[in-house]
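Dear colleague,

Please find below the structure we discussed handing over. A short account of the findings follows it.

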Amino acid sequence: MQYLFLKSQCADKVWQYFSLGAGLTHGVSLQQVFQRWWKHPANVYLKPLYQALPCVVVWELWKRRKKRRYGGNISLNRRIFQVSATLHNLLVYRFPKMKRLSSNWPELVSELESYIPRLHYRRVCWEFPSGQWIKCNTDGASRGNPGKSGAAVVFRDAAGDFMCAATRSN
């Protein structure tokens, strides 16, 4: 197993490509490789990729072995591309609001290390009801499902004056 997933020429080059991009050195045993990737300090965006990467690499190396065993051949570049594509898809699934991410591993790591999400603020204000309408504002919350919960309602007239309110909790 060590040879197939870590020490073979193909495995060594795949691990080198991804390790250098993340600033890691790969270990002597497969267990060390998994531990290093899992424990490598990373931000919230890189951590899921670092934790998934060893499994994805091992899976792609296994697929390559099976393909070669039964008469096919898959290039090293194709393995690296497949691992990169899988990690890119994981990132897109995990963080759908991130746009225009690189599918090149070293560039992706660099982008995610310096990524700062843009926060958009929108001011929300209470508005008076129009004409002779009465406005009913509600709110509610629960702790668990099922669990303690509460709700409230407030009625105001067109001038914004308080008319009545009610609450309920259980």
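Two strands are taken as paired if DSSP finds at least two bridges between them. In this predicted model, seven bridges join strand β2 (residues 147–156) to β3, and the two run antiparallel. Arginine 156 stands opposite phenylalanine 162 in β3. The open sheet consists of three strands in the order β1-β2-β3, with antiparallel pairing. Because β1 (135–144) and β3 (162–169) each have a single partner strand, they stand at the edges, and one side of each is left without a neighbour in the sheet. On average, neighbouring strands are turned by 10° against each other, direction ignored.

Arginine 156 also lies over the face of tryptophan 126, at 5.8 Å from the ring centre. The charged end of lysine 135 sits over the ring of tryptophan 126 as well, 5.1 Å from its centre. At 36% relative accessibility, tryptophan 126 counts as partly exposed.

The largest nonpolar core has 32 residues, of which Trp15, Phe18, Trp37, Trp105 and Leu112 touch the most other members. Among the elements that give two or more residues to this core are α2 (9–22), α4 (47–69) and α6 (105–113); α4 gives the most, with seven residues.

Phenylalanine 18 counts as buried, at 0% relative accessibility. Not counting residues up to four places away in sequence, phenylalanine 18 touches several residues, including Leu53, Val57, Ile80 and Leu87. One aromatic cluster is formed by Tyr17, Phe18, Trp37, Tyr50 and Trp105.

Yours sincerely

Methods:
Residues numbered from 1 in each chain as written. Predicted model: local features only at pLDDT ≥ 70, side-chain atom pairs only at ≥ 80, totals over all residues. Heavy atoms only, no water. Core = buried A, V, L, I, M, F, W, Y, C linked by side-chain atoms within 4.5 Å. Buried < 20%, exposed > 50% of the residue type's maximum accessible area, 1.4 Å probe, protein only. Helix = DSSP H or I, 4+ residues; strand = E, 2+ residues; numbered from the N terminus. Contact = heavy atoms within 4.5 Å. Axes fitted to C-alpha atoms, helices over the stretch in contact; angles between N-to-C directions. Phe/Tyr/Trp six-rings, centres within 6.5 Å; stacked < 30°, edge-to-face > 60°. Lys NZ or Arg CZ within 6 Å of the ring centre and 35° of its normal.
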